[in-house]
Amino acid sequence: MFQDRVLSGMRPTGQMHLGHYHGALKNWVKLQNEFPCLFFAADWHALTTHYGDPSVIEQTVWDMFIDWLAVGIDPTKATLFIQSRVPQHAELTLLLSFFTPLAWLERVPTYKDLVEKHAEQGRDVLTYGFLGYPLMQAADILIYRATAVPVGEDQVSHIEFTREVARRFNHLFGREKGFEEKAESAVKKMGPKKAKLYRTLRTRFQENGDAAALEEGRTLVNDVQNLSLGDKERLYGFIEGGGRVILSEPEAKLTETPKLVGLDGQKMSKSYGNAILLREAPESVTKKIRTMQTDPARVRRSDPGNPEKCPVWNLHQVYSDSKTKDWVLNGCRTAGIGCLECKQPVIDSINAELKPIRERAAQYEDDPTTVRNIIQDGCEKASDIANDTMRDVRDAMGLNYE
Ligand code: TRP
Ligand code: SF4
């Protein structure tokens, strides 16, 4: 069908930190050698939270790109672009909105969490932007017919949602002539009881996105004895909206690396003040690690500790070989080593890792024109692909006016 294509994006948050590196960017660098890749700054998505101070967005976008390039994302291999520079994303978002059931959006866990928090704290205004966030993300992905989307655990529901939207689009606009009739007559061949069940399951899946109903429906079709293979295929397609596939369903590609926590053991985030930036100076890295929390049980040097209760151990899991890790486990539990001693190998590894990144970032900081040209070029490439998809989408929706 469609060729493999990897796409991922990030909301611009300015300079990247080690959490971004180990959670995403390192994986992107690897993927760019294996697949055609597109990586973009989701600047419109940033407006869901930052519509009140949009002036920071532009700089955060450039800072983010500098760090992407500095870690080794290679613009000759991967296409880098800015979402709002490819306004076709907005057109697709709009077109998808006409047939996306409101219930699908209201059910997305990230939105539900937000509504709950909102009810508890009554903070920010609950905007349309929040509700529509996953739909714009679906458009981001579908417009490139991406087959794989590398994301973290928290984004999996958005990819699932994207698949549902693609299926519904194909169902509504991808059916070929006579398909419906043939599928309907296949349903009748199942016998009245099974046909009735099939129709119920089909409605449950198509109107509520009920995945269990889809599964049950497939099993039902599979178990019917008197159907030809062709009829079975029609029924598989019909239940999920079969017919021609215009938008392909992407897979979420989870990052496998161990999660890197912040200096306080919470999720690493600039806004929590617990992050180590990729451009952080060596002295600053050293100071941050030396003063970071350890197992509170180790009040005195002679008190034994438990690495499982210490965020430094998380860093060892990411950075240290098994010999060093054994040294930590033993030394900590027996009070054989002190915490500063324990931290030194981590400090050395992080500084060694960041050295080439810092140097490359400095080169790009000194040469903003190069960065802008790379992105300009990427936006044009992305736009070409987006135009191809939009031509098919408009055609399927009867909007080509030729
Ligand atoms: N929602 C993603 C995040 O917060 C960012 C994003 C927007 C994205 N559009 C995307 C990620 C498309 C992957 C694909 O991290
Ligand atoms: Fe943490 Fe290492 Fe100190 Fe143990 S010895 S508490 S693992 S820093």
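1. **Ground rules.** This is a predicted model, in which local features need pLDDT of at least 70 and side-chain atom pairs count only at pLDDT 80 or more, while totals for chains, interfaces and linings use all residues. Residues are numbered from 1 along each chain as its sequence is written, and chains are lettered from A and ligands numbered from 1 in the order in which they are written.

2. **Overall picture.** The C-alpha trace spans about 80 × 50 × 45 Å along its principal axes. The protein has 17 helices and five strands; these are DSSP runs numbered from the N terminus, with helices being H or I of at least four residues and strands being E of at least two. Of its 402 residues, 37% count as buried. Here a residue is buried if 20 or more other C-beta atoms lie within 10 Å of its own, exposed if 12 or fewer, and partly exposed in between, with C-beta atoms placed from the backbone. Among contacts between residues at least 6 apart in sequence, 78% join residues at least 24 apart; a contact needs C-beta atoms, placed from the backbone, within 7 Å.

3. **Domains.** The assignment gives domain 1 (6-172 + 248-259 + 368-396), domain 2 (176-240) and domain 3 (279-365), with bounds that come from an automatic or database domain assignment. The centres of domain 1 and domain 3, taken over C-alpha atoms, are separated by 33 Å. Across their boundary, 10 residues of domain 1 are in contact with eight residues of domain 3. On the domain 1 side, helix 3 (57-70) and helix 17 (368-396) each supply at least two residues, and helix 3 gives the largest share, four residues. That side divides into six nonpolar, three polar and one charged residue. In this classification Ala, Val, Leu, Ile, Met, Phe, Trp, Tyr, Cys and Pro are nonpolar, Asp, Glu, Lys and Arg are charged, and the others, Gly among them, are polar.

4. **Cores.** A nonpolar core here is a set of buried Ala, Val, Leu, Ile, Met, Phe, Trp, Tyr and Cys residues joined through C-beta atoms within 7 Å. In the largest one, with 83 residues, F39, F65, W68, L80 and L278 touch the most other members. Why does this core lie between domain 1 and domain 3? Both domains give residues to it, so it lies between them. L80 touches F39, F65, W68, I73, P75, I374, I375 and G378, leaving aside residues up to four places away in sequence. A second, separate core of 12 residues includes V187, M190, L201 and F238.

5. **Ligand 1.** There are 13 residues around ligand 1, and S8, G9, A42, Q137 and D140 come nearest; a residue counts as near if its C-beta atom, placed from the backbone, lies within 6 Å. Strand 1 (6-10), helix 7 (128-142) and strand 4 (148-151) each supply at least two residues of this shell, and the largest share, four residues, comes from strand 1. By class, the shell has six nonpolar, five polar and two charged residues.

6. **Ligand 2.** Around ligand 2 there are 14 residues, of which C310, V312, C332, C339 and C342 are the closest. Helix 14 (311-319), helix 15 (322-333) and helix 16 (339-365) each give at least two residues to the shell. Helix 16 has the largest share, three residues. This shell divides into nine nonpolar, two polar and three charged residues.

7. **Helices 2 and 8.** The buried residues of helix 2 (residues 43-50) are D43, W44, H45 and A46, and they pack against strand 2 (37-41), helix 3, strand 3 (78-82) and helix 7. Helix 8 (residues 156-173) is mostly covered, with 13 of its 18 residues buried.

8. **Two single residues.** F35 is in the loop between helix 1 (18-31) and strand 2. F35 counts as partly exposed, with 18 C-beta neighbours inside 10 Å, and touches D4, R5 and V6, not counting residues up to four places away in sequence. E181, in helix 9 (residues 179-189), is exposed, with 9 other C-beta atoms within 10 Å.

Terms used: Contact = placed C-beta atoms within 7 Å.
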